[in-house]
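Hi,

Here is the structure I promised to pass on. Have a look at it first, and then read my notes below.

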Amino acid sequence: MKINTSFLLFATVLVVLIGTLSFEVCDGALYGKALKLKFYEKTCPEAQQIIKTVVEDNAGFDAFLGALLLRMHYHDCFVRGCDGSILLDPTSKTEQVELQAEPNLSLLGFDVIDEIKTQVEAACPQTVSCADIVALAARDAISAPFGRQMWKVPLGRRDGRVSRASDAIANLPSASSNFSALLQLFVHKGLNLIDLVALSGAHTVGVAHCGTISRRLFNFTGKGDTDPSIDPTYAESVKAHCSVNSKNIVEMDPKSSFSFDNHYYKNLIQKRGLFESDASLVTNPFSAKLVNQFQNADAFFAQFAKSMKKMGAMDVLTGNQGEIRKNCHLRN
Ligand code: HEM
């Protein structure tokens, strides 16, 4: 028993260290080297402006569309890399694509991607990938209220031809994940502890369905109880929106869920993270330290920009790999 406990402690420290050190190695060295900021400069110089205009026309001045597109981009990147596979429709009754996997059923914003693709195809046929469109649209939607680009998006991703629901289930963490499960998954993707804490800050925007937190609120240990790690006043206010079996939605960052800011981290230190995965970020000393650092908005924005660039370059297809889809929903 003693050996097991020591071993577990050793393994956790090792994962944290690898996770933290891998930051330097993976930040550009292993990932996305082929991606370039000016990739479409000669082949489709108008692409980025078209994307920005369509996004801004649809976004208004809050982060509502940003939340949808940011989550779409993340769900694309974590499953077979950022290859637009999240957009593919099934082509037979038996095919189960990523979109049909449970965590993806609540994704929205595809109409905006379609509008962009139609306009970009009209300007430059079969030149700009759907994967790049999703990456740029997510950035531009979050950036719209700021009037400046919140992170850089190197380009040149190609579109994948494979999309499997089972890959989405295996690669997207659940809201009830604990810290070590989250860290393991992120490290497996070439991300690290810093990226985990920074990218989770995306939960400063958007909404969640009550079903996602029902167990945490109403039946945490199977005895009709609430997770004791959640602030009781906050738990009551969430319960006021989310009765048992409710199909309602709830703001991820109450009263600030349409503004991209560092309020998420202010919630975390008050035990007001919505998911167990959010709350878990203060259960590890390394990540808790970052949560404290991100109480400073500029520190959060700077790290979020770095981590988004890294996530956006994960396992990308480049060069002659994959294809440039004509229609984002269908393989050519
Ligand atoms: C760390 C592990 C993560 C877990 C366990 C997780 C889980 C979830 C869940 C369960 C929802 C609510 C879905 C619903 O009920 O409709 C959600 C929403 C969201 N997630 Fe995450 N997520 C994680 C990381 C991320 C990352 C890395 C990003 C982006 C960089 C992100 C962006 C978002 C956004 C923006 C929403 C709100 C979407 C909307 O308003 O429709 N999440 N996440």
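Let me start with helix α2, where A47, I50, I51, V54, V55 and A59 are buried. Buried here means under 20% relative accessible area, while exposed is over 50% and partly exposed is in between, with a 1.4 Å probe and protein chains only. Helices (H or I, at least four residues) and strands (E, at least two) are DSSP runs, numbered from the N terminus. Seen down the axis of α2, the buried residues fall within an arc of 150°, so they line one face of the helix; the arc is that of the directions from the helix axis to the C-beta atoms. They pack against α3, α4 and α5, with contact meaning heavy atoms within 4.5 Å.

Before I go on: this is a predicted model, so local features need pLDDT of at least 70 and side-chain atom pairs count only at pLDDT 80 or more, while totals for chains, interfaces and linings use all residues. Residues are numbered from 1 along each chain as its sequence is written, and side-chain values use heavy atoms, with hydrogens and water left out.

Back to α2: it has 13 residues and reaches 18 Å from its first C-alpha to its last, close to the 18 Å expected at 1.5 Å a residue. That expected span is 1.5 Å times one less than the number of residues. After α2 comes G60, which has a positive phi, near 65°.

Now for α4 (residues 110-123), which has 14 residues and spans 20 Å from first C-alpha to last, close to the 20 Å expected at 1.5 Å a residue. Its buried residues are F110, V112, I113, I116, K117, V120 and E121. They cover an arc of only 160° around the axis, which puts them on the same side of α4. What covers them includes α2 (47-59), α3 (64-77) and α5. On the face turned away from this buried side you'll find the exposed residues D111, T118 and A122.

Next, the bigger picture. The domain assignment of the chain gives domain 1 (47-172) and domain 2 (179-183 + 190-310), with bounds that come from an automatic or database domain assignment. Their C-alpha centres lie 23 Å apart, and the contact takes 14 residues from domain 1 and 13 residues from domain 2.

Which residues touch the most other members of the largest nonpolar core? They are L87, I113, I116, W151 and F304, out of 81 residues. A nonpolar core is a set of buried Ala, Val, Leu, Ile, Met, Phe, Trp, Tyr and Cys residues joined through side-chain atoms within 4.5 Å. The largest share of this core, nine residues, comes from α5. Both domain 1 and domain 2 give residues to this core, so it lies between them. Apart from it lies another core of 14 residues, among them A175, A208, V250 and F275.

Leaving aside neighbours within four places in sequence, F304 is in contact with L70, W151, A198, L199, A202 and F260. A305, in helix α14 (residues 297-311), touches M150 and W151, again not counting residues up to four places away in sequence.

Finally, the ligand. Its iron atom has a single donor from the protein, H203 (NE2), 2.1 Å away. Donors are N, O and S atoms within 2.8 Å of the metal (3.2 Å for Na, K and Ca); water is not among the atoms, so sites may look incomplete. H203 is found in the loop between α8 (193-200) and β1 (207-209).

Cheers
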